[in-house]
Amino acid sequence: MAERDLLSVEDRVRLLVNALADEKDHEPVVKLFTPDGNATWLLTEADPDNPDSLFGLCDLGLGTPELGYVSLAELAALRGLLGLPIERDLHFVADKPLSAYAEEARLKGRITA
């Protein structure tokens with residue numbers, strides 16, 4: 001899957017707008033996941049100086065989800081255990097700010113969105 005397929009133009013704009021906003025606890029814009037693994041990303045912002053760098057809740061399936069930055073190019077190149085690329089959850093609709101997802105993920109040891 002190409003990098004451009006993971007995020008729409010609208011997603012990119014929302015990620016940049018969130019980064020520039022005064023408020024910092026945004027609802028996730030997009031959920032990405034490995035269809036053949038346990039990794040999940042809930043992304044809220046893109047670095048205005050480096051739009052390839054995305055901020056959000058990152059869960060590599062090791063039981064320790066954390067907030068941080070991830071490279072969109074690296075995600076696009078990543079393959080899971082069966083060689084499948086990262087996918088976007090087309091049915092994901094955020095219903096709370098990232099901090100609430102992060103707290104829930106810490107308690108459960110994984111993202112459950």
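Predicted model: local features only at pLDDT ≥ 70, side-chain atom pairs only at ≥ 80, totals over all residues.
View 1. Residues are numbered from 1 along each chain as its sequence is written, and side-chain values use heavy atoms, with hydrogens and water left out. Six bridges hold β3 and β4 in antiparallel pairing, where two strands are said to pair if DSSP finds at least two bridges between them. The two strands form a hairpin with six residues between them, and in this turn glycine 61 has a positive phi of about 80°.

View 2. Strand β2 covers residues 40–47, and seven of its eight residues are buried, so the strand is largely enclosed by the rest of the structure; buried means under 20% relative accessible area, exposed means over 50%, and partly exposed lies in between, with a 1.4 Å probe and protein chains only. Strand β1 (residues 30–33) pairs with β2 in the antiparallel sense over four bridges, and lysine 31 has leucine 42 of β2 as its bridge partner. A hairpin with six residues between its strands is formed by β1 and β2. Strand β3 (residues 50–59) also runs antiparallel to β2, to which it is joined by seven bridges, and here tryptophan 41 has cysteine 58 of β3 as its bridge partner. The hairpin that joins β2 to β3 passes through two residues.

**View 3. The sheet as a whole.** Five strands make up an open sheet in the order β4-β3-β2-β1-β5, with antiparallel pairing. Strands β4 (66–71) and β5 (87–88) stand at the edges with a single partner strand each, so one side of each is left without a neighbour in the sheet.

View 4. Arginine 14 is found in helix α2, which covers residues 9–20; helices (H or I, at least four residues) and strands (E, at least two) are DSSP runs, numbered from the N terminus. Its relative accessibility is 37%, and arginine 14 therefore counts as partly exposed. When neighbours within four places in sequence are left aside, arginine 14 is in contact with Pro28 and Val29, contact meaning heavy atoms within 4.5 Å. Arginine 14 and glycine 63 are 49 residues apart in sequence, and their C-alpha atoms are 29 Å apart in space.

**View 5. The whole chain, for orientation.** The protein has four helices and five strands, and from the N terminus on these elements run α-α-β-β-β-β-α-β-α. Along its principal axes, the C-alpha trace spans about 40 × 35 × 25 Å. Buried residues make up 40% of the 113 residues, and, among contacts with a separation of 6 or more, 52% are accounted for by residues 24 or more positions apart. The side chains include 11 positive and 21 negative ones, and the centres of these two sets lie 4 Å apart; Lys and Arg count as positive and Asp and Glu as negative, while His and the chain ends are not counted, and the place of a charge is taken as NZ of Lys, CZ of Arg, CG of Asp or CD of Glu.
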